Amino acid sequence: MSENRKIKVLVCKPGLDGHDRGAKVIARALRDAGMEVIYTGIHQTPDDVVNTIIQEDPDAVMLSILSGAHNALCPMIMEKLKDNGIDDVLVAVGGIIPDEDKPILEKHGLMGFQGPGTELKEIVEFVKTNLKR
Amino acid sequence: MGYEALIDRLLKGDTRAAARLITIVENDIVAAEEIINLIYKHTGKAYILGITGAPGSGKSTLISTLTNIFVEEGMKIGIICVDPTSPLTGGAILGDRIRMKKHFNTNNVFIRSMANRGQLGGLARATEDIIKILDVYGCDIVIIETVGVGQSEVDIFRSAQSVLVLLVPGMGDDIQAIKAGIMEITDIFIVNKMDLSGADRKVSEIMQMLELSMNFKYDYQNTNQKSANIPKWIPKIVKLNSKTGENFENLLEIINEHKAFLKETGVIENYHLNRIRNETLQILKHKLTKKVEGLIHSNTQIDEYIRLVMDKSMDPYSMANLIIQLLGIE
């Protein structure tokens, strides 16, 4: 593909927590870094997330979860992506992710784990350096 | 690179193939050319509906409710949502999906967000190509949501068969603001949020405007006597509530009426001719601009002209004419 290709990122909040200020701040930081950011809003089911990924074909997906349901939601999303043959999308999760859960999520192919206090430029850099295509 | 495999899957209605082809077409104009060349003969089945209006007038919500009805009728719907690219950073927030949440899991609805990437006019460069991909994908209706528009973002009428413009009560004198641009290309005026006070007044304001103006959509390039023979569609007005679905039956009736009008009067042929003419013009502009840009930075002859202009022994217009001669297209 041509080298001036824009990075397209999906920012979304799976599950039932309704606090999306963090997700919006990240969406804006990525926008300011010149990326095209789709924001889908709160209360997304794993099917919602996967169908959006299929249709929008983003380079990266940033999941924001503060509710503690990451161990249930994230593996479901990864499983459904695999079922659909999608393996070239960077999937990251951030929010409140306890250290002991990170290896479990890593095993499912998730990355990132940025929590409160992370520098925005760090997140931008993370997306840029971990793209799979 | 060969795109045949993806296109084969697209023809069978494969969603991932459609999404991937859209990505390619959006990012790579050379590849777009190859892909459109291969799929063009399969296009022409979808009805194209354009939705435009000021930011916050309810375009996404209207599309969501409309899509509900179409899907219940068993149709497959493609939705293209265009949002603006930041002129400062080149980034964009695409947020139209938020209002269309209930369709995320419907097999018959394909929603795609795109940034306009600096193109003026309310659409993006690749929008025309994406319409074609969704057409081939098997969509019965392709709905295009433009960026929230102001006065003169009228590109949508060159792409869509029916143009719906959303207005809301209480936005002051916006009829005045839009009368020179959007007013002339609208097929159906929608006064959304009809539960707010002032809805009836808005309807009568539009009516008054319509009595004074005419719709140029079907003959915008032929304002000569030829156009007198082309039947005119008198734009319809409907007030409704996109959140509750109130009065949507009226909107559907008017959309069907407009569809029938285009077909019965033969105006649809005019639309197709104009659409192709305009699309070709856009492609030519793009290609020629590229060519001229290449020339102006690399041609030594032009460097000499520039020096002549600097010495005041030639003016920029004369130089432009000489460059056109260099291009060999006059």
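Me: How many residues of chain B and of chain A does the contact take?
Reply: The model is predicted, so local features need pLDDT of at least 70 and side-chain atom pairs count only at pLDDT 80 or more, while totals for chains, interfaces and linings use all residues. Residues are numbered from 1 along each chain as its sequence is written, with chains lettered from A and ligands numbered from 1 in the order in which they are written. Two residues are in contact if their C-beta atoms, placed from the backbone, lie within 7 Å. The contact takes 26 residues from chain B and 26 residues from chain A.

Me: Which element gives the most to the side of chain B that touches chain A?
Reply: Helices (H or I, at least four residues) and strands (E, at least two) are DSSP runs, numbered from the N terminus. Helix H2 (15-27), strand S3 (92-94) and strand S4 (109-115) of chain B each supply at least two residues of that side. With seven residues, the element that gives the most is H2(B).

Me: In S3(B), which residue is the bridge partner of A:Val37?
Reply: Strands pair if DSSP finds at least two bridges between them. Strand S2 (residues 36-39) of chain A runs parallel to S3(B), and three bridges join them. The bridge partner of A:Val37 is B:Ile93.

Me: Which are the edge strands of the six-stranded open sheet?
Reply: The order is S5(A)-S4(A)-S3(A)-S1(A)-S2(A)-S3(B), with parallel pairing. Within it, S1(A) and S3(A) are joined by four bridges. Each edge strand pairs on one side only, and these are strand S5 (111-112) of chain A and S3 of chain B.

Me: Why do the buried residues of H1(A) line one face of the helix?
Reply: A residue is buried if 20 or more other C-beta atoms lie within 10 Å of its own, exposed if 12 or fewer, and partly exposed in between, with C-beta atoms placed from the backbone. In helix H1 (residues 21-32) of chain A, the buried residues are A:Ala23, A:Ile26, A:Ala27, A:Leu30 and A:Arg31. The arc is that of the directions from the helix axis to the C-beta atoms. Seen down the axis, these residues line one face because they fall within an arc of 140°.

Me: How many of the seven residues of strand S2 (residues 77-83) of chain B are buried?
Reply: B:Ile77, B:Ile79, B:Cys81 and B:Asp83 point one way, B:Gly78, B:Ile80 and B:Val82 the other way, and all are buried. S2(B) is therefore largely enclosed by the rest of the structure, and the number buried is seven of the seven.

Technical notes:
The expected span of a helix is 1.5 Å times one less than its number of residues.
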